[in-house]
Amino acid sequence: MSKSISRRENTISPVASFLLNGSFIAMSIAFVMPVLLVFIVSFTHNDSLLSNGYSFFPEKWSLIAYESLYKDSGTLIRAYGVSIGVTVVGTMISVIIMALFAYPISRQDYPFRNFFTFFLFFTMLFNGGLVSRYLVYTQGLGLLDSYIALIMPLLIIPFNVIIMRTFFQSTIHPALLESARMDGAGELLIFMRIVLPLSLPVMATMALFSTINYWNDWFNALLFIRTEDKYPVQYLMIRVLNDIQYLRDNVQLAAQNPELMRNLPNESLQMAMAVIGMGPILIVYPFFQKYFVKGLTVGAIKG
């Protein structure tokens with residue numbers, strides 16, 4: 001009897017259900033439409049963009065943006081390889097290091113817990129600035145024009161470490177660790193065989209965050225990379241767009257080559273690059289989705 005009463009109390013009316021489902025559908029459409037518009041604009045002819053602006057139903061279609069990218073496909077593929085390599089290696093190392101940092105400060109019996117927690121919070125509030133960062137990486141560590149310079153700056157994100165710490169505190173019960181210790185397991189074995197398997201949701205969530213950070217990063221390449229063969233795809237796209245903008249702003253070149261300037265893609269090329277750049281993230285995200293919500297919210301739920 002009590003179960004049926006509880007079930008009736010938890011149900012919602014058909015009108016409320018319709019409104020909730022309708023609002024979720026509307027929000028989903030609102031999230032998808034910009035991506036669809038970017039995809040359509042990448043196939044829109046430049047003349048149509050100049051005369052009518054962005055449209056879901058362009059008057060004239062064109063593949064000139066993708067043809068422009070295909071002409072230099074070797075450079076694009078090489079940049080893709082750099083981005084994929086940096087993202088995969090950086091994500092793996094980043095998740096491991098952040099877990100190794102977050103787990104000790106989540107333990108109540110760790111004597112230096114408060115010191116390292118304060119150190120973590122301090123780095124969120126203060127930093128040495130861009131100049132000191134550049135000098136440390138280039139002159140102090142000698143990482144100028146090195147792949148390591150693309151990986152090291154994003155290895156530890158303090159906010160992500162805090163999320164992992166909260167997850168460990170709320171999910172890994174101290175009695176479980178104590179029983180493993182009584183059975184003769186050391187700290188490393190406990191971490192590898194007990195803590196990590198139970199922390200798969202937060203590990204997958206942090207891996208997704210790190211993947212997005214590394215894939216979208218272009219600023220570190222601007223600071224530290226000098227060789228074109230080491231450009232990641234995001235920085236390569238910025239360089240190409242800047243070159244096109246320079247050609248368009250060069251009055252003398254435009255006067256000498258009016259046909260070239262008229263057919264030179266600009267907006268459509270930007271959107272084509274956006275489509276190419278976001279492709280891998282759209283492929284990776286479904287594999288992390290089932291862990292994403294749980295990894296973020298489980299630390300806030302008690303009981």
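Let's start at phenylalanine 24, which counts as partly exposed at 49% relative accessibility. This is a predicted model, and it places phenylalanine 24 in helix α2 (residues 14-41).

Now to the aromatic rings. The structure holds 16 aromatic pairs. In one of them, tyrosine 80 meets tryptophan 215 at an angle of 50 degrees between the planes, so the pair is tilted. Tyrosine 80 belongs to helix α5 (residues 73-106) and tryptophan 215 to helix α12 (residues 200-216), so this pair ties together parts that are 135 residues apart in sequence. Tryptophan 215 counts as buried, with 3% relative accessibility.

Tyrosine 110 and phenylalanine 116 form another pair, with planes at 25 degrees; since stacking here means planes under 30 degrees apart, the pair is stacked. Tyrosine 110 is partly exposed, with a relative accessible area of 28%, and phenylalanine 116 is partly exposed too, at 29%. Both residues sit in a cluster that ring pairs build from Phe101, Tyr110, Phe112, Phe115 and Phe116.

Here are the two pairs in brief:

| Ring pair | Centre distance | Plane angle | Class |
|---|---|---|---|
| Tyrosine 80 and tryptophan 215 | 5.7 Å | 50 degrees | tilted |
| Tyrosine 110 and phenylalanine 116 | 6.3 Å | 25 degrees | stacked |

What lies over the face of tyrosine 147? Lysine 230 does, at 5.6 Å from the ring centre.

Methods. Residues numbered from 1 in each chain as written. Predicted model: local features only at pLDDT ≥ 70, side-chain atom pairs only at ≥ 80, totals over all residues. Heavy atoms only, no water. Phe/Tyr/Trp six-rings, centres within 6.5 Å; stacked < 30°, edge-to-face > 60°. Helix = DSSP H or I, 4+ residues; strand = E, 2+ residues; numbered from the N terminus. Buried < 20%, exposed > 50% of the residue type's maximum accessible area, 1.4 Å probe, protein only. Lys NZ or Arg CZ within 6 Å of the ring centre and 35° of its normal.
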